[in-house]
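Subject: Structure handover

Hello,

Here is the structure I said I would pass on. Please look it over first, then read my notes below.

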Amino acid sequence: MTWIPEVASNLAGKVDGVLLTITLLSLFFFVLITVILVVFAIKYKRKRDDEETPYITGSEPLEIIWTVIPSILLIALFVYGFVVYKEMRNPPADAVDITVTGKQWLWTFDYYNGKKTLNQLYVEQNRPVRLVMMSDDVLHSFFVPGFRTKQDVLPGRYVQLWFTPTKIGTFDIFCAEYCGTGHSVMLGKVNVLSPEAYDIWESGLPGEGGQSVASLPPAELGEKIYKEKGCNACHSVDGSTLVGPSFKGVYDHKVELADGSQVDADENYLRESILEPQAKTVKGFQPVMPSFKGILSDDEVTAVIAYIKTLK
Amino acid sequence: MAEADIEQPHGHHMDPATEYSSSKLGMWLFLGTEILLFGGLFAAYAIFHARFPEMFYEQHLELNRTMGAINTCVLIFSSLTMAMGVSAIKLGRQKTAAILILITIICGLTFGVIKYFEYSAKFSHHIYPDTSIFFSLYFLMTGLHMIHVFIGLGILAVVFVLTLKGKFDAKYNTPIEMGGLYWHLVDLIWIYLFPLLYLIG
Amino acid sequence: MANHTIAHDVYVPFLEKKGFLSWILTTDHKRIGILYLVSTSLFFLAAGIIALLMRFELLTPASDFVDPHTYNVLFTLHGSIMVFFFIVPGLAASFGNFLIPLMIGARDVAFPKLNIASYWIYLLGTAILLVGLLKPADTGWTFYTPYSATTNTDVVLMTFGVFVLGFSSILTGLNFIVTTHKMRAPGMTWHRLPLFIWASYATSILQLLATPVVGITLLLLITERTLGVGFFDPAKGGDPILFQNFFWFYSHPAVYIMIIPAMGVISEIIPVFSRKPIFGYKAIAYSSLGIAFISFLVWAHHMFVSGISETAAMIFSFLTFLVAIPTAIKVFNWTATLYKGSIQLHSAMLYALGFIFLFTIGGLTGVFLGALAADVHLHDTYFVVAHMHYVMIGGTVMGFFGALHFWYPKWFGKMFNETVAKIAWFFVFVGFNVTFFPQFFLGVQGMPRRYASYPAEFESLMSLSTYGSWILGFGILVMVINLLSGLISGPKAPENPYNSLSLEWQIPSPPPHENFEEIPQVTDWTYGYGKKKELEV
């Protein structure tokens, strides 16, 4: 078991330095107090009811010592914490900007070259990245434990976050600020690519991930998209009701809409619901689903529909 | 002391002097919390005024300054009559005190009536608490103040009846004084609200 | 004071009168204390059961026991009930009511009628909350906007219940301040006051100063939902962060409203069971006030990653570190009091020692969260959850249990089974640590709080934490049964079982209606234990 996630950004090592310093100091004081407490409790345990005890009400030198020493240490820790924080908050000028939008309950990423991805952030190893973030609805918080950094995402105001990824691999993105029913499934991944792999991804088709997915059968690809693109935040596959209707058994069944009319949940209805979700909302659900137009390609939409068909 | 004991079966653990100074301390503390309650709104006012000075200026022109000014005078006058009522009872003049408290109550009611006309004028112009941040502040601040006016009027009404019944005299008049303090607070808050909302915007 | 001499030769314990009306209409501070004790304890148990349900859901990564929305409702209820209905009024109002007049040598609080009125207001607040449970809120106890302004659950009733409760808190604090100023027995000077009184005094000041601000904040949230006011809504020009500023301006001091009375309890228990004067009386007394003061200046340390400016973050981080100093002083002073004492490990003393141990962990982990760079990583993770519970359970609840065991004989005139009490303590202590210590590691590893389901990598620590909650729950169950059975069949308690010098132990157990036959004349401080030598105060 690891105590702390892998160090995967330029900031992580520095934050770990702060954490380690405080941990060691805390351990020292904790052990000190515990040992004194236990030793006193054993050594001065009452043996007879009429034991004599000294009348000690205080000791000025002692009290000054244990006020001043912790104060100095605390101020030193404050300065250390602030210095690292300052660096974490000030991106270098050459950082690549990526626009991040948080909404209930998914992340979208817009890149400088017009690419747009959902829940999957693609960055290049050793190249500073500045995320310019805003929320579409409530508060969210963009948190990558491997990078040791986090920033609340607010509606109506841009906030920024930066890091230089140092390790190739995939790292968790968590939403750390409570944002409603789907909070715990508002998950994403940062994919840190080598410069060569990043070049390939960069020149690939818009809306597609770095790895080739064409080889998967449609239903399997659909399942993969269902999990990676955040559908699972709102739609169950086991019939239970989350924020949106369950996918289970929806295909080829009659669906009652918010206006009371009925519609057949065929391929075209499902496609429309993915691309223009507000057009025909199911009765009993809020019209809150974001459009996946421009996020999912036609092939991907078809794959998701293929997956839904398998859920009987 | 014996009399006070009969009236207040639970007050007998204190002598009258302590009871008076305790009530006074308690009342001042309470008034402090009332100011803090409004303090939140004043803080919101300061923040949003700094953020939207133009909106505050433009929209404050919609408020009726004349009515606001009249109401300010009415409340200041009522504070005066209240203070006179307190000094009257301290001299043992029960009837004068009762009349002065009654005048204070009438002033308070007048304030309410004028405010009612102001509010209805706003509603008829389709101005509601959700119209803008400025009007949100206007309605919340004056509304919360209005609630305090009504509470104050309730207290004064009780005090008035008790004064008529001759419960208070030169020696024991703590409730009148406490009611008076509360009424002064209500007045004081309005003295801040009026310029902030009607004059500065 | 001629009226006090009548009928005092016959001792009538304050518990004597029976019947619902004699309780709900009482103005006796001891009975009001019991009313608070019973109500807050019931809320504690209810919110505790909710916590067990939450931990049960978290036993496995998937959201399988309850659906995510239900989980969100559960943690909202757990937090709101624990904070507003149990911890804030728990020690402060129940033990505050019972002890303040007894300790300062008074017959009651300054305003007995206001005192029972405060309790009715508390009941009204709880009633509103219970109605709100028909469609319970899912916002978390912090009610952050804009989520709280937009969710379709019933936020209004819940926040209104808390708003009403605020008045109870304000009036109780006001009553206690005036009581401490005006009702002290002759000779009970400020520097002779028991430290619990100093703690209650500091708490009352906080209640008075901070509660109105949360009152207006919740009122604004209510108008946001009902009248369409937009102070916290960016679409209308408002600012969601403003809510957090307002909210924490109260709720950070509120954290100290919760913990300072417990510190007072510890300062009472340790000298009695060590037979030693409290070490550094003035430092402990004034550090309570110091903590109370600084607590108003640190609210934004809950918002280091919310987008506040670097300068603001710097100032608030610095001030946060300052709070650590008076807290550390207290811990050192309590520990030093044990030196050369004659220590009796009574169950109350075990809770007090447990408090020092756990609160030290809670305090030290607070240093992590005060340090800006570390907080960026740890904010809103299980590290915060663990830290907060080490302070709130390890601190306040341990203090509460300690107080229950310590003053139980005085309050009820009965004794509980001491051996069972020690066994219960053991389970509470071990269970608590097994539940919450793993959460520090979860937080460092990045597990965010308020997750109904979680990635599989966290499973082993999460399920360990759940097992711990069962041990903790069992310990509390044993404790409750032991204390209740003591009420029914416990032996009669003597007047002063621990040979305490404090005033409340010099009168019969349970105390008579008006506490003291004669108002005592105080000649020394409360902590004159041990043999005076050449050393002088």
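How are α2(B) and α6(C) oriented to each other? They are oblique to each other, because angles under 35 degrees count as roughly parallel, over 145 as roughly antiparallel, 65 to 115 as roughly perpendicular and the rest as oblique. The angle at which α2(B) and helix α6 (residues 155-182) of chain C pack is about 140°, and their axes are 10 Å apart. Axes here are lines fitted to C-alpha atoms, for helices over the stretch in contact, and angles run from 0 to 180 degrees between N-to-C directions. Helices (H or I, at least four residues) and strands (E, at least two) are DSSP runs, numbered from the N terminus.

Before the rest, some ground rules. This is a predicted model, in which local features need pLDDT of at least 70 and side-chain atom pairs count only at pLDDT 80 or more, while totals for chains, interfaces and linings use all residues. Residues are numbered from 1 along each chain as its sequence is written, and chains are lettered from A and ligands numbered from 1 in the order in which they are written.

Confidence

pLDDT is the predictor's confidence in each residue, from 0 to 100. For chain A the mean pLDDT is 88, with 96% of its residues at 70 or more. Residues 206-213 of chain A stay under 50, and the model has 17 contacts beyond four places in sequence for them. Where pLDDT is low, the predicted coordinates should not be read in detail.

How the chains meet

Two residues are in contact if their C-beta atoms, placed from the backbone, lie within 7 Å. Two pairs of chains are in contact, and chains A and C share the most contacts. Chain A and chain B have no contact, and their closest C-alpha atoms lie 14 Å apart.

Between chains A and C, 73 residues of chain A are in contact with 80 residues of chain C. On the chain A side, α1 (10-43), α2 (60-89), β6, β7 and β9 each give two or more residues. The largest share, 16 residues, comes from α2(A). By class, this side has 41 nonpolar, 18 polar and 14 charged residues. For these classes, Ala, Val, Leu, Ile, Met, Phe, Trp, Tyr, Cys and Pro count as nonpolar, Asp, Glu, Lys and Arg as charged, and the others, Gly among them, as polar.

Between chains B and C, 26 residues of chain B are in contact with 32 residues of chain C. The elements of chain B that give two or more residues are α2 (16-51) and α6 (133-164). α2(B) gives the most, with 16 residues. The side of chain B that touches chain C has twelve nonpolar, twelve polar and two charged residues.

Back to the opening pair: the crossing of α2(B) and α6(C) is right-handed. A crossing is left-handed if the near helix is turned anticlockwise from the far one by less than a right angle, and right-handed if clockwise. Residues of α2(B) in this contact include Leu25(B), Leu29(B) and Phe30(B), and those of α6(C) include Leu174(C) and Ile177(C). The residues of this contact divide into seven nonpolar, six polar and one charged.

Inside chain B

Chain B has seven helices and zero strands. Its C-alpha trace spans about 65 × 30 × 20 Å along its principal axes. The axes of helix α4 (residues 65-90) and helix α7 (residues 174-200) of chain B come within 9 Å and cross at roughly 160°, which makes α4(B) roughly antiparallel to α7(B). Their crossing is left-handed.

Sheets of chain A

Two strands pair if DSSP finds at least two bridges between them. One open sheet of five strands in chain A has the order β3-β2-β1-β5-β8, with mixed pairing. Its edge strands are β3 (116-118) and β8 (159-163), each pairing on one side only. In chain A, strands β1 (residues 96-103) and β2 (residues 106-110) pair in the antiparallel sense over five bridges. Thr101(A) has Thr108(A) in β2(A) as its bridge partner.

Another open sheet of five strands in chain A runs β4-β10-β9-β6-β7, also with mixed pairing. At its edges stand β4 (120-124) and β7 (149-153), each with a single partner strand, so one side of each is left without a neighbour in the sheet. Strands β6 (residues 140-144) and β9 (residues 169-175) of chain A run antiparallel and are joined by two bridges. The bridge partner of Phe143(A) in β9(A) is Phe174(A).

Regards
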